[in-house]
Amino acid sequence: MTLLHWAVLSPFIAAILIPFLYKYLKRIHTGWFVLILPLALFIYFLSFIPETSSGNVVLNNLDWVPSLGINFNVYIDGLSLLFALLITGIGTLVVLYSIYYLSKQKEKLNNFYVYLLMFMGAMLGVVLSDNLIVIYVFWEVTSIASSLLISYWYTREKSIYGAQKSMYITVFGGLSMLAGFSLLYVIAGTFSIRELIANADLIMASSLFIPAMILVLLGAFTKSAQFPFHIWLPDAMEAPTPVSAYLHSATMVKAGIYLVARLTGVFGGAPEWFWIITIAGLITLIWGSISAVRQKDLKGILAYSTVSQLGLIMSLLGAGSAAFYFQDGDSPLYMTAILAAVFHLINHATFKGSLFMAAGIIDHETGTRDIRKLGGLMTIMPVTATISLIGLASMAGLPPFNGFLSKELFLTGMLSVTEYGIFNLEAIGFIIPIIAFIASVFTFLYCILMFYKTFMGKFDISKLKVKHVHEAPIGMLISPIILAVLVVLFGLFPNLLAYSIIEPAMAAIAPGILSPGEFFDVHITHWHGFSAELFMTLGIIVLGVLLFITFRKWENTAFYRGEQDLFNYAYDYGYDGLIKGSQWLTRIQMTGRLRDYFIYMCTFIMLIMGYTMYRYNLPLIQNLDLSPIPVYTWFVILVFLGSILTIPFLNNRIAIIITTGVSGFLVALLFVLFRAPDLALTQLLIETVSVVLFMLVFYHLPKLKKVKTPPKMKTIKLIISIGFGLMITLGSLSAFSMGQEANYESISEYYTENSKEKAGGYNIVNVILVDFRGLDTMLEVLVVSLAVLTVVSLIRLRFKGGEDV
Amino acid sequence: MMKKPNNMMLQTLARLIILVVLSFSIYLMLAGHNSPGGGFIGGLMTASAILILYLSFGLNPIKKVIRFDYIKIIGIGLLLPGITGLVSIFFGFSYLKQFFGYFHIPLIGEVELTTALPFDLGVYFVVLASALTIILTIAEDDK
Amino acid sequence: MELLMSIVIGIIFSVSIYLFMSKNLLRVAVATLLLSHGVHLLLVTMSGLQRGASPILSFDAEAYTDPLPHALVLTAIVISFAVTALLLVMSYRTYKVHKTDDLEDLRGSADE
């Protein structure tokens, strides 16, 4: 355990302490205690910047399950450091914001902060681990934490709906991803990402390459809300706004992007990887931006805009993966795409974070997020309005903000895709920049709409539930102001980040492209001259403004009036259908009759066993080496069979008990004949106790009724039971004959040989029980005790009134 | 069923049989490591000895004589194997590693002592108490 | 011997499965007991019967019967006793509460 391991685990440890702090220090808002941790971690991770920016990596190993190749190895390079800084940095701001957003009197703060810390730790685990299984475990924890936070106000029906939806979709993706990881392990024999990247050629050549890739991408796409799995993200907006700002825009939804970026070194260069990611990203981009225009809820707009921006980053990563196809160093052609992806990732976190916080402030102060009720807040909330203006302008891609720079880079990247000349791009590649252009127009449009509807126009208090509206308290404004300042700062001086953060991250996404000691050329400028990108940006602004001016004309079309996503219907129908279908399936087979269940089970077992025996030509009864049957054994066996066979015909309680008892004692006798003295003794004693037990219980039970079974049922019962018995006979013979055929050395040889030397006992059976397999015996005794406790509680424990239940 | 047993023959015989069965059960328990027997068998044997008492004398008289709470005995029985296992950890061996040795005790002679014995004793207690608890709980529910 | 025992075990299983499909709780309890007899004998039989002495080293025999199935079955006997006891007590309580031991009457409603 190194300091880095503790850094990953520290949020979990803090999460354990939170409920106590909440309970015993009620006067202080719990958030203040929480705030310390992400801040400390942020400063700690900042100290790694000199290391990564000089091209080094940090790797600390810790064995977890070494026999399965699962090790908790913490790995820091440019990419993981970028994410770690985002997680802790935005985390600090969000916690600060939440202190003012959530009232300590009304809310269950302990739940909130426990989930939030759990998420923070899990997210750090995802981005800092080198092992795929460890990533998977933390990945699922983020899904769980996210669902818990969405359903934070768990009495609201919509919260529960949103939480379930996100859980189903992301866990489905997570499980697919696990399957994909397992396939990678099958191919390369390792879970370590570094080793996988080193074996990329082997993986590329494998026939499992495509299935593994698709399964892993399912995980990434569901998490990052890519089309058509994006539908969970808008419903996740039921979470408290700090959560939306943190999980559902800045960090968790970027886990999928992280995974794609991280595994580019493994899968990159394959045309399938390029096409799937680029196309999924572009469709998400355009679908998200068009859907965002239709939303009337501030957070709804931001949710769909997040979906679309995630698609943008994803498509850039797809385009950038072509770097592995060329393998020839620092070509600006495709490295622009990766540069744009990394830069936009940072920018999106800053402007979307501030926008979410601003939306939260508006919701907090006016009591609504519906843009049809809002308006004219500019004069009432000047600070919030300024923050929103900066955020929206950056998102729309206006200079001089950081969004402008990354949007320009995005357009450059998409334009350069057409020049690659690979993967059949010359034929249909031209469509890529067109989609990017149209999506950007809609992005611009919803940005104007959001600002205009909220801050301009007429203020109408009668539409709101509150009496007075005023600016938020200063504490709530600090975090969005910091983010807005960053938006401006990165916009004016983008090269602050260039070689400290962005270049190391690029080097981590595209490992092996550069020879050691080389650096990517990262130089972000505002002015490229009169290039195609500039004209595209101008076109976007003109078209966006035109659409906005004609807003009144299309305000009443069906497009704008509805806001449901088409895929929500698919989800809802699918979900209902699944429940109805399984209910139907259950109803037809679960009859509540023990008899029916036995018929199912026995038939199934017979079919499986019968098929297996047929397949392997069993049993081999030609050359069985059977031991001779002594005469007296015949006598015992005949009496035994007689007693067994009479039981079904008896209709008298005492007769049944006695006959069963007799058969039990005869089993003991058989054990004697089979030279198993311990078994014989045990069976004898157990049978004695059992008979007493049966006597006691049967005494309380009613007399047996003579039951008439319909002949048809009787035939079925006979066929099933005789067939099953036959199958067991054949199975027993097969096992015996196979054992003889193969002439295995019995594993009990070991016990026979070592019983005296290693355990000092002569009775091998007893030595096995208490010595060699002691743990088994211990747990077995535990089982017996549990059965006894159940018996005791069944009989002795009653309700206070003494009534039976 | 066990309300009013009044059977002279049974009671007289029971007194005799009990002695034999109980001492034999303890022998079985202790000898288990080297000849047939052991915790399971010894426990069941003792349980059946005590059951004979209940069957011949009835529930209440015996309850006055034997005042154990059998469920607590189960607890003790479960603890014993667990603790014997832990002891070997303290000496740096793996959990549940068993040891044995031969010792010379005055008057008795050469005796083999094993750590498996307390383990088996735990099994003995659990099996004994379980069998008795099950039967007696049902019997007490007669009302 | 093994052939004969396999047939006997088959018959035990048949009877037990037949009893399991009856409507009466007591027969089901007996069926459980018989089934465990069958399984115990099956385990012992599969490793071969009457080959070598009892697995006690003091006999100093050349070969011993396989002790491993014995150890398995020994614990299985005790466990099956506990299970049978549990089943008996459950049927006893069921009868006391519902006043019937007919499995047909004890079925839950269809919509559950």
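## Basis of the model

The model is predicted; local features need pLDDT of at least 70, side-chain atom pairs count only at pLDDT 80 or more, and totals for chains, interfaces and linings use all residues. Residues are numbered from 1 along each chain as its sequence is written, while chains are lettered from A and ligands numbered from 1 in the order in which they are written.

## Contact of chains A and C

Chain C contributes 74 residues to its contact with chain A, and chain A contributes 83 residues (two residues are in contact if their C-beta atoms, placed from the backbone, lie within 7 Å). On the side of chain C that touches chain A, α1 (2-20), α2 (25-46) and α3 (67-98) each supply at least two residues; helices (H or I, at least four residues) and strands (E, at least two) are DSSP runs, numbered from the N terminus. The most comes from α3(C), with 24 residues.

By class, this side of chain C has 51 nonpolar, 15 polar and eight charged residues. Ala, Val, Leu, Ile, Met, Phe, Trp, Tyr, Cys and Pro count as nonpolar, Asp, Glu, Lys and Arg as charged, and the others, Gly among them, as polar.

## Contact of chains A and B

The contact between chains B and A takes 39 residues from chain B and 36 residues from chain A. At least two residues of the chain B side come from each of α2 (39-57), α4 (70-90), β2 (109-114) and α5 (116-140). The largest share, 14 residues, belongs to α5(B). The classes on this side are 24 nonpolar, 12 polar and three charged residues.

## Helices α2(B) and α5(B)

The axes of α2(B) and α5(B) come within 7 Å and cross at roughly 35°. Axes are lines fitted to C-alpha atoms, for helices over the stretch in contact, and angles run from 0 to 180 degrees between N-to-C directions. Residues making the contact include F40(B), L44(B) and I50(B) of α2(B), and L121(B), Y124(B) and L128(B) of α5(B). In total, this contact has 13 nonpolar, four polar and one charged residues.

## Residue R653(A)

R653(A) lies in helix α30 (residues 653-673) of chain A.

Beyond its neighbours within four places in sequence, R653(A) is in contact with F698(A), K703(A), L704(A) and L26(C). The C-alpha atoms of R653(A) and F698(A) are separated by 7.1 Å, although these residues are 45 residues apart along the chain.
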